[in-house]
Amino acid sequence: PQDITGLILAGGRGSRMGGVDKGLQNFNGIPLALHTLMRLGPQVETVMINANRNLSAYESFGASVWPDASADFAGPLSGFLVGLERCETPYLLTVPCDTPRFPLDLANRLAVALEANEAEIAMAAGYETDAQGNRTIRTQPVFCLLRCELLESLVKFTHSGGRKIDAWTAQHKTIVVNFDQPTDDLYAFANVNTVQELVNLEALPFA
């Protein structure tokens, strides 16, 4: 853990939630970003937050807050870039603010796989359930453990117009880590895009 900096991605526009600041919406009475911070903090050395509005509200959570360097909205990779620029440890772990049940052993399992495979990036994969109730394992590109020397590569990628996380990670040795063990939460990677999805996720008991 002492070699990993955590980064909470809270810089999105929240367009599918009516434009509200998603990270400040309550999940079981606690702002999503603060809930994420409480879940991520014990797994890493320190935590930063990437946010582009309401900065003082995020700072009140006790973490350093950094907005995107550019107004040219590049999605989560803008946050990745901020994190890699500010990271003072060998590794950066990215986590979105809208997935409140992510694993408590996320950092450890990604780190073990990254080192075992001598990879540059470890990416999580977890269960997703479609409207018909079918459950599949899918990669979760916003959950990535990155070697911090990838900064130069990401600068080049974004400056050339690149926006998709998996298009960038495909340029590097990436190991995918499946969170599909019997003890893993089926909703660990369920993210919230609408108010109704937030209500629905709140109603589910924790595994």
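Contact here means heavy atoms within 4.5 Å. The structure is a predicted model. By that contact criterion, and leaving aside neighbours within four places in sequence, threonine 169 is in contact with Ile121, Met123 and Thr174. The model holds 4 aromatic pairs and 0 disulfides.

**Aromatic pairs and cluster**

- Phe102, Phe143, Phe179 and Phe189 form one aromatic cluster.
- The structure holds 4 aromatic pairs. In the pair of phenylalanine 143 and phenylalanine 189, the ring centres are 5.0 Å apart and the planes stand at 85 degrees, so the arrangement is edge-to-face.
- This pair links distant parts of the chain, 46 residues apart: phenylalanine 143 belongs to strand E8 (residues 135–147), and phenylalanine 189 to the loop between strand E9 (174–178) and helix H7 (195–203).
- Both phenylalanine 143 and phenylalanine 189 are buried.
- Phenylalanine 189 also forms an edge-to-face pair with phenylalanine 179, at 5.6 Å centre to centre and with 65 degrees between the planes.
- Phenylalanine 179 and phenylalanine 189 both lie in the loop between E9 and H7, 10 residues apart.
- The relative accessible area of phenylalanine 179 is 1%, and that of phenylalanine 189 is 4%. Because buried means under 20% relative accessible area, phenylalanine 179 is buried, as is phenylalanine 189.

**Charges over rings**

- The charged end of arginine 39 sits over the ring of phenylalanine 102, 5.8 Å from the ring centre.
- Phenylalanine 102 is also a member of the aromatic cluster with Phe143, Phe179 and Phe189.
- Arginine 39 is itself among the buried residues of H1.
- The charged end of arginine 86 sits over the ring of tryptophan 66, at 3.8 Å from the ring centre.

**Packing of helices H3 and H5**

- Two packed helices are described by the angle between their axes and the distance between the axes.
- For helix H3 (residues 76–86) and helix H5 (residues 151–159), the axes come within 10 Å and cross at roughly 145 degrees.
- The crossing of H3 past H5 is left-handed.
- On the H3 side, Leu77, Phe80, Leu81, Leu84 and Glu85 take part, and these meet Leu151, Leu154, Val155, Phe157 and Thr158 in H5.

- H3 is mostly covered, with 8 of its 11 residues buried.
- The buried residues in H3 are Leu77, Ser78, Gly79, Phe80, Leu81, Val82, Gly83 and Leu84.
- Helix H1 (residues 32–40) is likewise mostly covered, with 7 of its 9 residues buried.
- In H1, the buried residues are Leu32, Ala33, His35, Thr36, Leu37, Arg39 and Leu40.

**Helix H6**

- Threonine 169 is found in helix H6 (residues 165–169).
- With a relative accessibility of 4%, threonine 169 counts as buried.
- Aspartate 166 also lies in helix H6, but its relative accessibility of 47% makes aspartate 166 partly exposed.
- The C-alpha atoms of aspartate 166 and phenylalanine 27 are separated by 29 Å, and the two residues are 139 residues apart along the chain.

**Cysteines**

- The number of disulfides in the structure is 0.
- Cysteine 87 counts as buried at 13% relative accessibility.
- Cysteine 148 is buried as well, with a relative accessible area of 14%.

**Positive phi angles**

- Most residues other than glycine have a negative phi.
- Asparagine 28 has a phi near 50 degrees, a positive value in a residue other than glycine.
- Asparagine 28 is placed in the loop between strand E2 (26–27) and strand E3 (30–31), and this residue is partly exposed, with a relative accessible area of 44%.
- Asparagine 54 likewise has a positive phi, near 50 degrees.
- The loop between strand E4 (46–51) and helix H2 (55–59) holds asparagine 54, which is partly exposed at a relative accessible area of 41%.

Methods: Residues are numbered from 1 along each chain as its sequence is written. This is a predicted model: local features need pLDDT of at least 70, side-chain atom pairs count only at pLDDT 80 or more; totals for chains, interfaces and linings use all residues. Side-chain values use heavy atoms; hydrogens and water are left out. Helices (H or I, at least four residues) and strands (E, at least two) are DSSP runs, numbered from the N terminus. Buried means under 20% relative accessible area, exposed over 50%, partly exposed in between (1.4 Å probe, protein chains only). Rings of Phe, Tyr and Trp (its six-membered ring) pair if their centres lie within 6.5 Å; planes under 30 degrees apart count as stacked, over 60 as edge-to-face and the rest as tilted. A charge sits over a ring if NZ of Lys or CZ of Arg is within 6 Å of the ring centre and within 35 degrees of the ring normal. A disulfide is a pair of cysteine sulfur atoms within 2.5 Å. Axes are lines fitted to C-alpha atoms, for helices over the stretch in contact, and angles run from 0 to 180 degrees between N-to-C directions. A crossing is left-handed if the near helix is turned anticlockwise from the far one by less than a right angle, and right-handed if clockwise.
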